[in-house]
Amino acid sequence: MKFKTIFEPFKIKSVEPISMSTEEERTLSLEEANYNPFQLHSKDVLIDFLTDSGTSAMSSKQWSAIMDGDEAYAGSKSWLKMEEEVKDLTGFEYILPTHQGRAGERILYGYLGGKGKIFISNTHFDTTRANIEFSGAEAIDIPIAESAEPMLSHPFKGNMDTDKLKELLKKHGSKKIGAVILTVTNNSGGGQPVSMKNAIEVSNLCKNLK
Ligand SMILES: Cc1ncc(COP(=O)(O)O)c(C=O)c1O
């Protein structure tokens, strides 16, 4: 008989208390923050949905790997292990680790960007757009029209509008376009999913660009 889990298959080893608040207190905190979640203090937040970055609990294997980490200034065996895994996953020859997504974007768009360059995305994540615009380039969002209809049901509201992509590729050409960025899931577009079909179409349109 196939065992059907009715609870999470792990034990939770540590707990972090959260401060409980009333609806009135949360309403007041939001007013004081001018409805900008970046201005809220975490102590005033009961359940934090602002980001998924680094918010989950670590496994016992991850914690124990920290103790096994090689802190050598150069040639660390932990680095070699990570490099091998990332190469295997991405197929890229050169790997440059950064401590955060936004730091990686700063390096990448500093190199690909610059005045006169165009970047196209289903929706640029806030730090992606900031790094692109900081370089002097322009960031254009082309999500499918359905993404702007909150009450409409659609399985892949994070998709890129491939007709608009075709037009933009034709209009600007490969020299002007810094990159086409398909963010999966479409984080700033409400975390909506992107279909594999859409990813393949976007990839093919880019590969065929002269
Ligand atoms: C597309 C994209 N870029 C950048 C970031 C920012 O990552 P970090 O918080 O590691 O800087 C995120 C985070 O979700 C992201 O989805």
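How many of the ten residues of helix H1 (residues 23-32) are buried? The legends below take up this question and others for a predicted model.

**Figure 1. Overall view of the protein chain in the predicted model.** The secondary structure consists of seven helices and three strands. Read from the N terminus, the elements follow the order α-α-α-α-β-α-β-α-β-α. The radius of gyration of the protein chain is 21 Å, whereas a compact globule of 210 residues would have a value near 17 Å. Along the principal axes, the C-alpha atoms fill a box of roughly 55 × 55 × 50 Å. Of the 210 residues, 18% count as buried. Among contacts between residues at least 6 apart in sequence, 52% join residues at least 24 apart.

**Figure 2. The two domains of the protein chain.** Domain 1 covers residues 17-48, and domain 2 covers residues 101-207. Their C-alpha centres lie 32 Å apart.

**Figure 3. Helix H1 and the residues that follow it.** The number of buried residues in helix H1 (residues 23-32) is zero out of ten, so the helix lies largely in the open. Just after H1 comes Asn 34, with a positive phi of about 55 degrees, although Asn 34 is not a glycine. Asn 34 belongs to the loop between H1 and helix H2 (60-68). Tyr 35 lies in the loop between H1 and H2 and has a positive phi of about 60 degrees, although Tyr 35 is not a glycine either.

**Figure 4. The surroundings of the ligand.** Which residues surround the ligand? They are Ser 53, Gln 100, Gly 101, Arg 102, Glu 105, Phe 125, Thr 127, Thr 128, Thr 183 and Asn 187. Helix H4 (101-112) and helix H5 (126-134) are the elements that give two or more residues to this shell. The most come from H4, which gives three residues. Sorted by class, the shell has one nonpolar, seven polar and two charged residues.

**Figure 5. Leu 108 in helix H4.** Is Leu 108 buried or partly exposed? Leu 108 has 19 C-beta neighbours inside 10 Å. Leu 108 and Leu 89 are 19 residues apart in sequence, and their C-alpha atoms are 19 Å apart in space.

**Figure 6. The largest nonpolar core.** This core has 14 residues, and those that touch the most other members are Ile 118, Phe 119, Ile 120, Ile 132, Leu 165 and Val 180. At least two residues of the core come from each of strand E1 (118-121) and strand E3 (177-181). In soluble globular proteins, nonpolar side chains tend to be buried together. Leaving aside neighbours within four places in sequence, the contacts of Ile 132 are Tyr 109, Gly 113, Phe 119, His 124, Ala 137 and Ala 139.

**Figure 7. A cis peptide bond between Val 184 and Thr 185.** The omega angle of this bond is about -10 degrees. Thr 185 is found in the loop between E3 and helix H7 (196-207).

Definitions and conventions
Residues are numbered from 1 along each chain as its sequence is written. This is a predicted model: local features need pLDDT of at least 70, side-chain atom pairs count only at pLDDT 80 or more; totals for chains, interfaces and linings use all residues. Helices (H or I, at least four residues) and strands (E, at least two) are DSSP runs, numbered from the N terminus. The radius of gyration is taken over C-alpha atoms; the globule rule is 2.2 Å times the number of residues to the power 0.38. A residue is buried if 20 or more other C-beta atoms lie within 10 Å of its own, exposed if 12 or fewer, and partly exposed in between; C-beta atoms are placed from the backbone. Two residues are in contact if their C-beta atoms, placed from the backbone, lie within 7 Å. A residue is near a molecule or strand if its C-beta atom, placed from the backbone, lies within 6 Å of it. Ala, Val, Leu, Ile, Met, Phe, Trp, Tyr, Cys and Pro count as nonpolar, Asp, Glu, Lys and Arg as charged, and the others, Gly among them, as polar. A nonpolar core is a set of buried Ala, Val, Leu, Ile, Met, Phe, Trp, Tyr and Cys residues joined through C-beta atoms within 7 Å. Domain bounds come from an automatic or database domain assignment.
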